Amino acid sequence: MGDFSLLWLQSAACGGDSMSLLGLENPNLIELLGNQGITLLWHPSLSPERPRQLQTIIDAILADDRHLDLLCIEGAIVNGPEGTGLADVLGGRPKRDLIGELCARAKFVLAMGTCASYGGIPAAPPNPMDVTGMQWRNKEPGGLLAPDWLSRGGLPVINVAGCPAHPLNMAQSIINLLIQGTAMVLDEWNRPQESYNTMVHQGCTRNEYHEYDMEETDFGGRGCLFFNLGCQGPKTSGSCNSSLWNNQKSKPRAGVPCFGCTSPSFPKNKDFFKTDKIGDVPVELPTGVERPNYMAYKGLAKAAAPQRLKDRTTGL
């Protein structure tokens with residue numbers, strides 16, 4: 001038993017973030033908890049205790065009989081129907097109310113996954129249950145908690161975004177909270193900067209095709225998926241191509257476009273597999289790129305493309 005206590009609760013969730021965390025390697029989840037001296041108070045998929053014992057744990061925390069260092073929330077917060085929160089309850093109470101009270105007791109709060117961070121898929125239009133994230137509603141500050149809310153440890157809700165969140169990002173966030181505490185650096189969307197300071201585009205094996213504007217118009221080819229097939233990799237912060245899933249693959253490496261799932265605007269209300277364009281130029285350009293420069297570059301790059309790329313003989 002360690003000194004650092006962790007409570008994991010699910011709200012409006014599919015369980016994908018828990019499944020992702022169970023796939024953690026080097027260290028695996030059991031090693032992570034043991035090596036870092038973390039006491040797991042409850043996890044819906046890992047705890048052997050019966051569910052009613054969860055209420056006993058929660059009651060002890062709310063009564064200040066048990067300290068809580070880290071509260072991890074998986075899934076979005078449900079406010080419906082009609083503002084009651086009764087579409088998602090625990091022990092007969094709206095789960096959003098319970099989570100809000102636990103947040104007041106926790107030293108730190110992690111939102112695991114894009115649903116808990118920003119609302120994610122449950123908050124997509126038309127959102128009849130008025131679903132939101134922990135401290136954000138998509139790109140707008142303020143969700144279950146106010147924009148200026150801080151935990152007892154002095155940090156806002158830390159958003160470990162992703163659909164699901166990458167297991168390494170979840171593990172790094174927990175470890176860094178243990179080591180750095182309030183010194184942890186967050187980005188503009190309250191994500192740990194260390195885990196979200198690169199683009200998904202970096203490390204993509206289709207990078208050279210992107211540079212020379214060698215586009216695919218259908219799936220199964222080796223070329224770039226950005227120009228026609230909806231890939232969000234050049235616009236999305238994430239480690240998917242530098243920290244591979246199961247040490248093997250990422251979506252673009254497997255031939256599937258990046259959907260931009262670490263973004264607060266995910267999911268966009270549009271076709272995932274289509275790039276909106278004006279003429280030959282995507283409406284949304286890679287992050288930081290100016291349209292006049294991009295249009296000039298695009299024509300030159302295509303003309304300069306090596307024959308080996310045109311013939312798709314790079315071996316990638």
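Student: Is Glu 284 buried, partly exposed or exposed, and what makes it so?
Tutor: Keep in mind that this is a predicted model. Glu 284 has a relative accessible area of 34%. Buried needs under 20% and exposed needs over 50%. The value for Glu 284 falls in between, so the residue is partly exposed.

Student: What makes Glu 284 and Lys 268 a salt bridge?
Tutor: Their closest N and O atoms are 2.8 Å apart. The cut-off is 4 Å, so the pair qualifies.

Student: Why say that this pair ties parts of the chain together?
Tutor: Glu 284 lies in the loop between strand E13 (281-282) and helix H8 (291-303). Lys 268 lies in the loop between helix H7 (207-211) and strand E12 (277-278). The two parts are 16 residues apart in sequence, so the pair links them. Lys 268 is partly exposed, at 30% relative accessibility. There is also a network of salt bridges here, made of Lys 235, Lys 268 and Glu 284.

Student: How many salt bridges does the whole structure have, and what is another example?
Tutor: The search finds 12. One of them joins Glu 101 to Arg 93, with the closest N and O atoms 2.5 Å apart. Glu 101 has a relative accessible area of 32%, and Arg 93 has 31%. Both values sit between 20% and 50%, so both residues are partly exposed.

Student: How do you know that Arg 137 and Asp 130 form a salt bridge?
Tutor: The closest N and O atoms are 3.0 Å apart. That is within 4 Å, so the pair counts. Arg 137 is partly exposed at 32%, and Asp 130 is partly exposed at 32%.

Student: Why is Asn 176 called buried?
Tutor: Its relative accessible area is 11%. The limit is under 20%, so Asn 176 is buried. Asn 176 is found in helix H6 (residues 167-180). Leaving aside neighbours within four places in sequence, Asn 176 is in contact with Gly 181, Met 184 and Glu 194.

Student: How do you know that the span of helix H3 agrees with its number of residues?
Tutor: H3 (residues 51-62) has 12 residues. At 1.5 Å a residue, the helix should span 16 Å. Its end C-alpha atoms are 17 Å apart, which agrees.

Student: Which residues of H3 are buried, and what covers them?
Tutor: The buried residues are Leu 54, Ile 57, Ile 58, Ala 60, Ile 61 and Leu 62. Their cover includes strand E1 (4-10), strand E2 (38-42), strand E5 (89-90) and helix H4 (95-105). After H3 comes Asp 64, whose phi is positive, near 60°.

Student: Which residues form a nonpolar patch on the surface?
Tutor: Met 19, Leu 22 and Leu 46 form one, with about 280 Å² of accessible area together. Leu 22 is in helix H1 (residues 16-22).

Student: How do you know that the chain agrees with a compact globule?
Tutor: For 316 residues, a compact globule would have a radius of gyration near 20 Å. The chain has 21 Å, which agrees. Buried residues make up 50% of the 316. The secondary structure comes to 9 helices and 13 strands.

Definitions and conventions:
Residues are numbered from 1 along each chain as its sequence is written. This is a predicted model: local features need pLDDT of at least 70, side-chain atom pairs count only at pLDDT 80 or more; totals for chains, interfaces and linings use all residues. Side-chain values use heavy atoms; hydrogens and water are left out. Helices (H or I, at least four residues) and strands (E, at least two) are DSSP runs, numbered from the N terminus. Buried means under 20% relative accessible area, exposed over 50%, partly exposed in between (1.4 Å probe, protein chains only). Contact means heavy atoms within 4.5 Å. A salt bridge is a side-chain nitrogen of Lys or Arg within 4 Å of a carboxyl oxygen of Asp or Glu. Patches are made of residues with over 30% relative accessible area and no salt bridge: like charges are joined within 9 Å, nonpolar side chains (Val, Leu, Ile, Met, Phe, Trp, Tyr) within 5 Å. Accessible areas come from the Shrake-Rupley method with a 1.4 Å probe; for residues, only the protein chains shown count as cover. The expected span of a helix is 1.5 Å times one less than its number of residues. The radius of gyration is taken over C-alpha atoms; the globule rule is 2.2 Å times the number of residues to the power 0.38.
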